[in-house]
Amino acid sequence: MDRAICIHGHFYQPPRENPWLGEVEVQRSAAPDHDWNERVTAECYAPNTAARILDAEGMIADIVNTYSRISFTAAPTLLSWLERRRPDVYEAIIDADRESQERYAGHGSAIACCYNHIILPLATRRDKETQIAWGVRDFAARFGREPEGMWLPETAVDIESLDLMAGAGIRFAILAPHQAGKVRATGADGWTDVSGGQVETRMPYTCRLPSGREIAIFFYDGTISRDIAFGPLLSDGRRFAGRLLAAFSRGGKRPELVHIATDGETYGHHRKFGEMALAYALHTIEARADARLTVYGEYLALHPPKHEVAVRERTSWSCIHGVERWQRGCGCNSGSCPGGSQAWRKPLREAVDMVRDTLTPRSAEALAAYLRDPVEARDDAVDLILNGWSDEAIEAFLSRHALRDPTPDERWRILTLLEMERQMMLMQTSCGWFFDDITEPGSIQVMRHAGRAIDLARQMLGIDLEPAFIDILNRAPVNDPGYATGVAVYEARVQPVAMDLARVGARGALYRLFELEPPALYDTREDWRCRLEDDTHRGLAGTVHLRSRVTGEEGLYDLVAFYAGMDRVLIGVCEPAGGEALRAAWEEVKGSGTLKAFPRVYTESDLRDEERWAIARRILPDIGEATSAVYRDAAALIEVVEDLGIPAPGTVTRLLEQAWNERLCAVLEAGCPDPNQFEALAGEMEERNLRPDLALINDAASRRIALSVGEAVDRSTDPAPLEEIARIARCAKVFKTSLSLWESQNVIIRMRGHYGEMRRRAGEGDRDAGRWAEAFEKAAAHLGVRVP
């Protein structure tokens with residue numbers, strides 16, 4: 001009898017990119033992180049690649065890449081962001097799927113997901129086909145294999161979507177138990193009603209489809225899944241494992257699969273240290289002989305369904321009313337606006353559907369003038385996205401689909417129409433309706449995608465849907481008292497982020513002042529003829545050619561950018577007017593701080609949050625240096641004040657704190673060659689009642705430890721870097737600061753194999769190897785890692 005356990009995590013983030021730029025901009029609600037993708041990655045996606053298993057003394061005994069042992073959703077909008085911004089985490093996830101195939105008889109742990117998480121029962125058939133096709137193609141491109149399963153967003157199901165999935169080669173889907181309607185043994189005539197969550201979840205079922213195809217359905221254990229997501233199970237990994245093991249039937253004589261499904265973010269983001277409980281549960285189950293871990297593909301291959309199911313259409317896992325949560329105020333909510341109205345959901349859905357239904361036939365008609373089969377071309381356009389809209393990918397795409405070799409203007413029209421189609425799908429992302437107010441980030445994001453689609457339709461089709469869109473949003477009430485209706489939200493949070501090509505050029509010029517990278521989806525050729533940088537000013541002037549890689553739109557601009565502080569910013573943009581005019585504008589801005597000759601001028605009040613964030617991050621170190629310079633200039637005076645006992649003003653105290661903290665960090669950054677020196681400085685600070693900057697000390701110590709760990713890897717027989725780690729950790733403990741050691745611990749754990757070899761050599765009389773092994777043991781202990 002086969003007793004197997006499968007844990008599924010739905011790891012997903014919605015598209016958060018500015019639709020005009022293709023980049024995620026700063027989100028204030030995610031502070032101190034830049035945005036929610038960064039926050040959740042730090043709390044969940046990264047920790048799950050190396051989840052800690054602690055021993056009885058709280059030391060790290062082992063680390064587990066949980067993705068290699070569980071089943072998980074590979075959501076394209078999350079993976080594409082990870083690939084760009086956290087390639088280390090991305091590669092660990094891809095590697096985990098490869099490892100899982102070795103563990104589970106060739107079946108991988110990853111399953112596909114509809115491309116951008118739209119509620120399929122509310123989508124048109126055409127959009128369903130593209131969502132499924134793009135999800136399959138994205139998965140295959142990343143994981144190097146075809147997906148066996150596919151996650152239905154919010155598990156929202158209808159027969160048409162299941163049939164299309166089966167037609168795309170998908171073998172199974174995962175649903176909640178209340179989504180089963182009736183079941184019967186294969187070949188039997190009569191059905192048994194299992195509505196209300198009564199379905200037996202420990203076996204797979206076959207769902208027969210109108211086309212004659214079929215797809216397997218797994219109904220997860222709803223009770224255990226709820227207790228993991230909202231109850232106490234993740235407080236103890238042993239208890240978590242015990243609950244799963246107890247779910248098998250007593251004395252069962254047939255194969256059984258106990259399986260659960262929750263948001264993957266439960267493991268670390270929603271529940272702190274949830275990834276550690278998961279890792280310990282996996283470890284506990286793997287150590288047993290009476291049950292084993294599996295993934296759905298492996299279990300389905302070993303135990304094909306012997307029963308059929310009829311699913312309850314237009315149902316989901318997160319709305320007891322079916323799919324009403326994503327189209328009207330049904331009562332389901334996340335609890336962030338107690339007593340708030342959900343009446344905004346219906347007009348937002350109507351506004352988005354209006355844009356979709358108006359533009360879809362017109363786009364198809366326009367594309368038919370250039371492409372052999374616009375439907376087939378749209379499904380194939382995911383290749384452009386996967387290849388970053390590179391020139392090579394665009395040429396290959398056009399060679400497959402264009403009726404003829406397109407002119408530059410036709411090429412621009414084709415790409416722009418396809419981008420409009422993409423934005424029309426992104427504007428249907430489920431998060432737009434899931435939460436409790438139209439001011440939530442998810443709702444604002446879908447309105448931004450709609451705004452971008454409207455913008456492109458205005459350019460390509462000569463129609464302006466914005467007045468109609470706004471008219472519908474005017475019926476959307478807002479729970480946030482700062483806005484009257486959905487129109488106010490649109491005007492305040494959507495319209496200001498729109499960027500034409502000239503505004504993109506202005507951002508690029510501003511970023512060049514600070515040696516920051518310009519927007520990634522725009523190719524630039526720059527000719528900066530004038531530059532200025534001194535203690536108080538930065539400036540440049542020149543001519544820039546910009547081209548959008550996504551649509552092919554391009555333009556040539558004269559640009560002048562001038563910075564004299566966050567409250568004195570000027571950026572001028574105009575069509576090229578010649579070298580003399582540009583030189584005159586440059587002299588004007590240097591001399592008077594004005595740009596009267598430019599028709600478009602942006603000032604500090606026009607800067608977006610993202611631009612202000614990027615500049616602030618770039619110049620913050622300069623503030624510390626400036627403070628240090630003030631202290632150096634005043635050091636002699638401060639010494640006199642202290643010697644004579646003159647009461648020092650608060651400004652002097654702050655300068656002293658800055659100076660002493662810098663001295664401490666300098667010792668740490670040097671590797672703490674003399675820990676006694678560090679401890680003496682710390683003691684002097686305490687005597688003077690000076691406050692240590694724990695964040696600064698933590699950062700300096702953590703960075704130096706990471707550097708020393710890297711050196712230990714490169715110099716694999718030299719104990720000096722390991723001895724340095726021990727000294728730095730000893731010094732940092734003076735302030736009981738919490739160091740950021742996650743990556744350093746991972747490396748030390750990976751070095752334990754080399755430690756074993758050095759111990760063997762030490763046992764054979766190699767004294768140098770013995771010194772190295774001793775240094776490794778001490779360094780590992782300081783980092784909280786158990787050495788076998």
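## A buried threonine in a loop

Threonine 266 has 2% relative accessibility, so this residue counts as buried. The cut-off for buried is under 20% relative accessible area. This is a predicted model. Threonine 266 sits in the loop between strand E14 (256–263) and helix H8 (274–286).

What does threonine 266 touch, not counting residues up to four places away in sequence? The contacts are Ile228, Ala229, Leu234, Arg271 and Gly274.

## Helices H6 and H7

Two packed helices are described by the angle between their axes and the distance between the axes. Helix H6 covers residues 222–230, and helix H7 covers residues 237–245. Their axes come within 11 Å. The crossing angle is roughly 170 degrees. Angles over 145 degrees count as roughly antiparallel, so that is how H6 runs relative to H7.

On the H6 side, the contact is made by Thr223, Ile224, Asp227 and Ile228. On the H7 side, Phe240, Arg243 and Leu244 take part. Sorted by class, the contact has four nonpolar, one polar and two charged residues. Ile228 of H6 belongs to this contact, and Ile228 is also touched by threonine 266.

## A five-stranded sheet

In what order do the strands of the open five-stranded sheet lie? The order is E17-E18-E19-E20-E21, and the pairing is antiparallel. Strand E17 (522–533) and strand E21 (600–603) stand at the edges. Each has a single partner strand, so one side of each is left without a neighbour in the sheet. Neighbouring strands are turned by 20 degrees against each other on average, direction ignored.

E17 and strand E18 (residues 538–548) run antiparallel and are joined by eleven bridges. A hairpin of four residues connects E17 to E18. Two pairings can be picked out by residue. Arginine 531 stands opposite leucine 540 in E18. Threonine 524 has leucine 546 of E18 as its bridge partner. In a regular strand the side chains alternate between the two faces of the sheet.

## Helix H19 on the sheet

Helix H19 (residues 501–513) packs on this sheet. H19 touches E17, E18, strand E19 (554–563), strand E20 (569–574) and E21. The direction of H19 makes about 40 degrees with that of E19.

Is H19 mostly covered or mostly uncovered? H19 is mostly covered, with twelve of its 13 residues buried. Among them are Leu501, Val504, Leu510, Tyr511 and Leu513.

The length of H19 can be checked. At 1.5 Å a residue, its 13 residues should span 18 Å. The end C-alpha atoms are 19 Å apart, which agrees. Just after H19, glutamate 515 takes a positive phi of about 60 degrees.

## Isoleucine 697 in helix H24

Isoleucine 697 is in helix H24 (residues 694–714). Its relative accessibility is 0%, so isoleucine 697 counts as buried. Leaving aside neighbours within four places in sequence, isoleucine 697 is in contact with Asn661, Leu664, Cys665, Leu668, Pro692 and Phe735.

How many residues separate isoleucine 697 from alanine 732 in sequence? The two are 35 residues apart in sequence. In space they are 7.5 Å apart, C-alpha to C-alpha.

## Backbone exceptions

Most residues other than glycine have a negative phi, and most peptide bonds are trans. Some residues here depart from that pattern. Alanine 31 and proline 32 are joined by a cis peptide bond, with omega about 10 degrees. Proline 32 lies in the loop between strand E3 (23–24) and helix H1 (36–45).

Glutamate 154 is not a glycine, yet has a positive phi, near 60 degrees. Glutamate 154 is placed in the loop between strand E8 (150–151) and helix H5 (159–167). With 10% relative accessibility, glutamate 154 counts as buried. Lysine 736 has a positive phi as well, about 50 degrees. Lysine 736 is in the loop between helix H25 (720–732) and helix H26 (742–750). Is lysine 736 buried or exposed? Its relative accessibility is 75%, so lysine 736 counts as exposed.

Technical notes:
Residues are numbered from 1 along each chain as its sequence is written. This is a predicted model: local features need pLDDT of at least 70, side-chain atom pairs count only at pLDDT 80 or more; totals for chains, interfaces and linings use all residues. Side-chain values use heavy atoms; hydrogens and water are left out. Two strands pair if DSSP finds at least two bridges between them. Helices (H or I, at least four residues) and strands (E, at least two) are DSSP runs, numbered from the N terminus. Axes are lines fitted to C-alpha atoms, for helices over the stretch in contact, and angles run from 0 to 180 degrees between N-to-C directions. Contact means heavy atoms within 4.5 Å. The expected span of a helix is 1.5 Å times one less than its number of residues. Buried means under 20% relative accessible area, exposed over 50%, partly exposed in between (1.4 Å probe, protein chains only). Angles under 35 degrees count as roughly parallel, over 145 as roughly antiparallel, 65 to 115 as roughly perpendicular and the rest as oblique. Ala, Val, Leu, Ile, Met, Phe, Trp, Tyr, Cys and Pro count as nonpolar, Asp, Glu, Lys and Arg as charged, and the others, Gly among them, as polar.
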